[in-house]
Amino acid sequence: MDCTSEIEVKKKAKSNDPGRKYEYWLDENDKNKIKCDLCGFVTNGGIKRQKEHLVGGFSDVKKCPKTTKEIAEEMLT
């Protein structure tokens with residue numbers, strides 16, 4: 001019986017953008033596919049879409065249920 005399991009390696013971007021603190025790439029070759037560190041939601045659209053996910057109020061992406069007011073304000077600066 002094979003007991004191997006797939007381990008997800010978090011590939012963080014080296015950037016000063018505040019949105020990068022709460023996400024990582026699922027695939028280093030597809031920089032538009034980003035997974036939220038807080039809730040696990042996957043966005044397709046790069047850091048802009050991820051920040052919209054953290055802030056909420058955008059019709060094209062679901063708001064992160066685990067974001068805080070402080071995180072949302074940080075994304076808007």
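The chain has 2 helices and 3 strands, where helices (H or I, at least four residues) and strands (E, at least two) are DSSP runs numbered from the N terminus. Read along the sequence, the pattern is β-β-β-α-α. Buried residues make up 35% of the 77 residues; buried means under 20% relative accessible area, exposed over 50%, and partly exposed in between, with a 1.4 Å probe and protein chains only. Of the contacts in the chain with a separation of 6 or more, 26% join residues 24 or more positions apart, a contact being heavy atoms within 4.5 Å.

**Basis of the values**

- Residues are numbered from 1 along each chain as its sequence is written, and side-chain values use heavy atoms, with hydrogens and water left out.
- Because the model is predicted, local features need pLDDT of at least 70 and side-chain atom pairs count only at pLDDT 80 or more, while totals for chains, interfaces and linings use all residues.

**Sheet**

- The 3 strands form an open sheet in the order β1-β2-β3, with antiparallel pairing; two strands pair if DSSP finds at least two bridges between them.
- β1 (23–25) and β3 (42–44) stand at the edges with a single partner strand each, so one side of each has no neighbour in the sheet.
- On average, neighbouring strands of this sheet are turned by 35 degrees against each other, direction ignored; the axes are lines fitted to C-alpha atoms, for helices over the stretch in contact, and angles run from 0 to 180 degrees between N-to-C directions.
- Strands of a sheet pair through backbone hydrogen bonds, either parallel or antiparallel.
- β1 and β2 are joined in the antiparallel sense over 3 bridges, and Y24 has K35 of β2 as its bridge partner.
- β2 (residues 33–36) and β3 are also antiparallel, over 3 bridges; on β3, T43 is the bridge partner of I34 and N44 that of K33.
- β2 and β3 form a hairpin with 5 residues between them, and G40 in the turn has a positive phi of about 90 degrees.

**Residue T43**

- T43 is placed in strand β3 and counts as buried, at 2% relative accessibility.
- Leaving out residues up to four places away in sequence, T43 touches N32, K33, I34, R49, Q50, H53 and V61.
- N32 is 11 residues from T43 along the chain, and their C-alpha atoms are separated by 7.6 Å.

**Helix α1**

- Helix α1 (residues 46–55) is largely enclosed by the rest of the structure, because 8 of its 10 residues are buried.
- These buried residues are G46, I47, Q50, K51, E52, H53, L54 and V55.
- The cover over them includes β1, β2, β3 and α2 (69–75).
- Just after α1, G56 takes a positive phi of about 85 degrees.

**Cysteines**

- A search of the whole structure finds 0 disulfides, a disulfide being a pair of cysteine sulfur atoms within 2.5 Å.
- The closest cysteine sulfur to that of C36 is in C39, at 3.9 Å, which is too far for a bond.
- C64 is in no disulfide either, and its nearest cysteine sulfur, that of C39, is 3.8 Å away.
- C36 counts as buried at 2% relative accessibility, and C64 is buried with a relative accessible area of 2%.

**Aromatic rings**

- The count of aromatic pairs is 0; rings of Phe, Tyr and Trp (its six-membered ring) pair if their centres lie within 6.5 Å, with planes under 30 degrees apart counted as stacked, over 60 as edge-to-face and the rest as tilted.
- K31 lies over the face of W25, at 3.9 Å from the ring centre; a charge sits over a ring if NZ of Lys or CZ of Arg is within 6 Å of the ring centre and within 35 degrees of the ring normal.
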